[in-house]
Amino acid sequence: NTPSMMPSECADVIDRCPSEECFLPYSDSSRPGDCNGSEVNRPDCDMLPFPDGCPMCCPFQCRPDNPMFDIQTNGEPPVCSPTMMPS
């Protein structure tokens, strides 16, 4: 069951992610670990809406390389433009 990446989906993903810092580059030290990554290793938390009682971690949709940020195959702009966080 893959949700379609509509603009509303984009807002939902950003709203539901436990932290906007999940959209920072992987190299940024303030980005929380991935929920299913070796650091956190909580695959049960790797979902949206983010379950209660989970440590701060980034579900798979909450990442800087989510395809919804990419130029679409037809050359259209991304369905979702990541809002740049003030540095």
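Which residue does a disulfide join to Cys17? I opened my notebook with that one, and found Cys62, at S to S 1.9 Å.

**Ground rules.** I am reading a predicted model, where local features need pLDDT of at least 70 and side-chain atom pairs count only at pLDDT 80 or more, while totals for chains, interfaces and linings use all residues. Residues are numbered from 1 along each chain as its sequence is written, and side-chain values use heavy atoms, with hydrogens and water left out.

**Counting.** I took a disulfide as a pair of cysteine sulfur atoms within 2.5 Å. That rule gave me five disulfides. Counting bonded cysteines along the chain, I noted the pattern 1-10, 2-9, 3-8, 4-7, 5-6.

**Cys17 and Cys62.** I read -90° about the S-S bond, a left-handed link. Both residues lie in the segment after helix H1 (7-16), so the pair ties together parts 45 residues apart in sequence. (Helices are DSSP runs of H or I, at least four residues, numbered from the N terminus.) Cys17 and Cys62 are buried, meaning under 20% relative accessible area with a 1.4 Å probe, protein chains only.

**Cys22 and Cys58.** Here I found sulfur atoms 2.0 Å apart in a disulfide. Its S-S torsion is about -90°, so this disulfide is left-handed. Cys22 and Cys58 each sit in the segment after H1, so the pair ties together parts 36 residues apart in sequence. I logged both as buried.

**Cys35 and Cys57.** Which hand does this disulfide have, left or right? The torsion about its S-S bond is about 95°, so I wrote down right-handed. Cys35 and Cys57, both in the segment after H1, are 22 residues apart. The S to S distance is 2.1 Å, and both cysteines are buried.

Terms used
Helix = DSSP H or I, 4+ residues; strand = E, 2+ residues; numbered from the N terminus. Buried < 20%, exposed > 50% of the residue type's maximum accessible area, 1.4 Å probe, protein only.
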